[in-house]
Amino acid sequence: MPQGAISYLNESDRLAKLKMDSDIRFQAGNMMQFRNLAKPIKAFGRHKGSTVEIEKYQKLTKATSTISELQSLPMNKPNVGYVQATVAEYGNGVSYTKKSQTLAEYSVDETLKKILAMNVAESMDQVAGTEFQTSDVFYTPTSTSAGTLDKDGTVSTGAGAHLGSAHIRDIIRNLKTDNVPKWDGNSYLAVLSAFAMAKMFEDSTTGGIIDIHKYDQPATLINGELGSYFGMRFVEENNVLSNTIGGSAYNGEGMILGFEPVVEALVEPEATMVESWDFNRFTGIAWNALTGFKKVWTNSTDSEYHMVRIHSND
């Protein structure tokens, strides 16, 4: 028998009090991106412990000095760093009575499974997205044509404009200068809130956003992808990111991603379970997962970053 306080969906919740429409309406789900953008760690799963260590090899110093004929080749020890991804447990559930299931005009358990499925997706996307937001590199639009890139771990500038095409070009210039590897080898990836995306498309100076229908390989599109511009692919989400840049009045928050910015230590993926008790008078449906997310690169310690958060200190 479950322990603790339980809130039941029962007959008094309108399920069998009057004739009901047979069609069930569900609240619309959010546009979710981040869970699918975190790369699972290979060969990690059940019976592998609760923490996995991720090694990071930094580049060697450029070899620009000449070597004389009798001189041995210089040998250097590479700088190896690491981060640890720790697994945690997540879950949620709903319960109902046998009376409500018997008297209701539709299948209560199937209906509850549908709302649980949405809860799983939105919850785990939020957990993953929160890790993406731990980026220690920030970009703040300060005017319609300029912005500030903060790489010291603290966003120190207040937003002075909406996100626009000039800022995207500025961010990409910095990413290329700092040798940030591209998301898919060809382009960077921008995950923008709905208001940030709208401002991008309202920017009359952009003139170069390529509609997704013009892509050569539509099968490679990310769900919610709207187009590309200046070597940046754009996808929209409204589950994690704010529609404002920090606490300012400007639109809106976004994440600019290079290659493999966040990884997932997945032990047990989300699973839905059903349990009955008290001679089947009560039933619970719940989901449970064992997983963890971790940002790979931190600029303050690695002198390398793979994602930028569009943010403000307001």
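Reader: What N to O distance separates the side chains of Arg-35 and Glu-264 in their salt bridge?
Author: This is a predicted model, in which local features need pLDDT of at least 70 and side-chain atom pairs count only at pLDDT 80 or more, while totals for chains, interfaces and linings use all residues. Residues are numbered from 1 along each chain as its sequence is written, and side-chain values use heavy atoms, leaving out hydrogens and water. A salt bridge is a side-chain nitrogen of Lys or Arg within 4 Å of a carboxyl oxygen of Asp or Glu. For Arg-35 and Glu-264, the N to O distance is 2.8 Å.

Reader: How many residues apart are Arg-35 and Glu-264?
Author: Arg-35 is in helix α2 (residues 34-37) and Glu-264 is in strand β13 (residues 262-277). Helices (H or I, at least four residues) and strands (E, at least two) are DSSP runs, numbered from the N terminus. The pair links distant parts of the chain, and the separation in residues is 229.

Reader: Which residues make up the salt-bridge network that includes Arg-35?
Author: Arg-35 also forms a salt bridge with Glu-270, at 2.5 Å from N to O. The linked residues are Arg-35, Glu-264 and Glu-270.

Reader: Is Glu-270 buried, partly exposed or exposed?
Author: Buried means under 20% relative accessible area, exposed over 50%, and partly exposed in between (1.4 Å probe, protein chains only). Arg-35 counts as buried because its relative accessibility is 14%. Glu-270 has a relative accessible area of 28%, so its class is partly exposed.

Reader: What is the relative accessible area of Arg-233?
Author: Arg-233 forms a salt bridge with Glu-225, their closest N and O atoms lying 2.8 Å apart. Glu-225 counts as buried at 3% relative accessibility. Arg-233 is buried too, and its relative accessible area is 10%.

Reader: Which residue in β14 is the bridge partner of Val-263?
Author: β13 and strand β14 (residues 282-295) run antiparallel and are joined by 13 bridges. The partner of Val-263 in β14 is Lys-294.

Key
Two strands pair if DSSP finds at least two bridges between them.
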